[in-house]
Amino acid sequence: MLGAYTEGGASMEQLTNLVISDRELASISTLLMKLMNDTHATSAMLIDKSGQVVAVQGTGSRRNATTLGALLAGVFSSSREVAKLLDEKDFRNIFQQGVQENIYTSMVEEQWLLVIIFDRLTHIGLVKVLSKKASEELVRVLERVRNDSSRARSSVINLQFRSSVEDTIDLLFRD
Amino acid sequence: MALINIATHEIHCKIVYYGIGYCGKTTNLQHVFKSINPNARGEMLSIATETERTLFFDFLPLDLGSIHGFRTRFHLYTVPGQILYERTRLAVLNGADGIVFVTDSQAEKFEENVQSISELEINMRRIGKDMSTFPCVIQWNKRDMPNALPVSVLERYLNRRRVPSYEAIASDGKGVFATLRAISKSVMAQL
């Protein structure tokens, strides 16, 4: 199964940044934890389509979360292009089946990817149904995040912060 | 798109190195990987063919440490340069916060460079980004090659938007960090 962004979504102007507040991260983490428990999955992750990890639950994937995020987002984005070549508009999931572990990835609107990693003890059907349910709740969280992003951003990114970042870049990225 | 996680005090930004095959994108990342303080970088991941050409992307996570309580991270990606991987380049571009366009300065690569920058503009429009305001820098790489075109010529034909540009010999590490500094600051200025 291949996932795909819709053409309409792809042509929309993307946001410059997305700001996750304490409250929203708590909601996301609770959702992921519940999903993980209900499906008996080994881990659950929410990643941005750019590959950045928003939240992760479960011990198995924490170590490699950054790399996993980059790879899974790349695979998903690539599958979108495959879908376009097939004139397919609404493949929104990927199922990767291994001997021990499986990964089910589904889109949350055009922004996030919900990733469930589970073993042989869990049936894919359960993962699909409960992922869909969790995605619907995550859409509401995403909506709130989008609405709050510019206000929350100004609380972090100020002149002082920008100046310190520039100093750090000069210090770290040098020959 | 940058991700600012107030709850975990983290900021993540994505920088993509774009350009034709063999222009030195992977070489840029390899130099950063081996030269930067090991505490400031994660493992470099390369998805390459048997002949070491980039098949999907290279990935190098950098960690600037805590700045005003916020852990700031840059994720560097390269795209595969070969013409046949156009759709893969588009996939990697998704969600980028900044672009480094790496140019092979050699005269015989001129036309390919022109096509590549034109493709980049098209791809950016496809993902809904406006290149006139998007953080972008150009690197004139392979300045040590005997057939390298003068920078003034490259500037005139390949840098019509007049974005900041840097001369480099990535295989020797020259200009690699100057380029990275410029794009990193440009990305942070857009946050």
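## Confidence in the Model

This structure is a predicted model. Chain A has a mean pLDDT of 85, with 87% of its residues reaching 70 or more. Residues 1–14 of chain A, by contrast, have a pLDDT below 50.

## Where Chain A Touches Chain B

The contact between the two chains involves 45 residues of chain A and 46 residues of chain B. On the side of chain A, two or more residues are contributed by each of the following: helix 1 (7–11), strand 1 (17–20), helix 2 (22–39), helix 3 (65–85), helix 4 (124–154) and helix 5 (159–172). Helix 5 of chain A provides the largest share of this side, with ten residues.

Sorted by class, the side of chain A that touches chain B comprises 17 nonpolar, 16 polar and twelve charged residues.

## The Largest Nonpolar Core

The largest nonpolar core contains 100 residues. The members that touch the most other members are Leu46(A), Ile47(A), Leu113(A), Val115(A) and Val16(B). This group includes residues of chain A and one of chain B, Val16(B).

Leaving aside residues up to four places away in sequence, Val115(A) touches Ala44(A), Met45(A), Ile47(A), Leu72(A), Ile103(A) and Thr105(A).

Definitions and conventions: Residues are numbered from 1 along each chain as its sequence is written. Chains are lettered from A and ligands numbered from 1 in the order in which they are written. This is a predicted model: local features need pLDDT of at least 70, side-chain atom pairs count only at pLDDT 80 or more; totals for chains, interfaces and linings use all residues. A nonpolar core is a set of buried Ala, Val, Leu, Ile, Met, Phe, Trp, Tyr and Cys residues joined through C-beta atoms within 7 Å. A residue is buried if 20 or more other C-beta atoms lie within 10 Å of its own, exposed if 12 or fewer, and partly exposed in between; C-beta atoms are placed from the backbone. Two residues are in contact if their C-beta atoms, placed from the backbone, lie within 7 Å. pLDDT is the predictor's confidence in each residue, from 0 to 100. Helices (H or I, at least four residues) and strands (E, at least two) are DSSP runs, numbered from the N terminus. Ala, Val, Leu, Ile, Met, Phe, Trp, Tyr, Cys and Pro count as nonpolar, Asp, Glu, Lys and Arg as charged, and the others, Gly among them, as polar.
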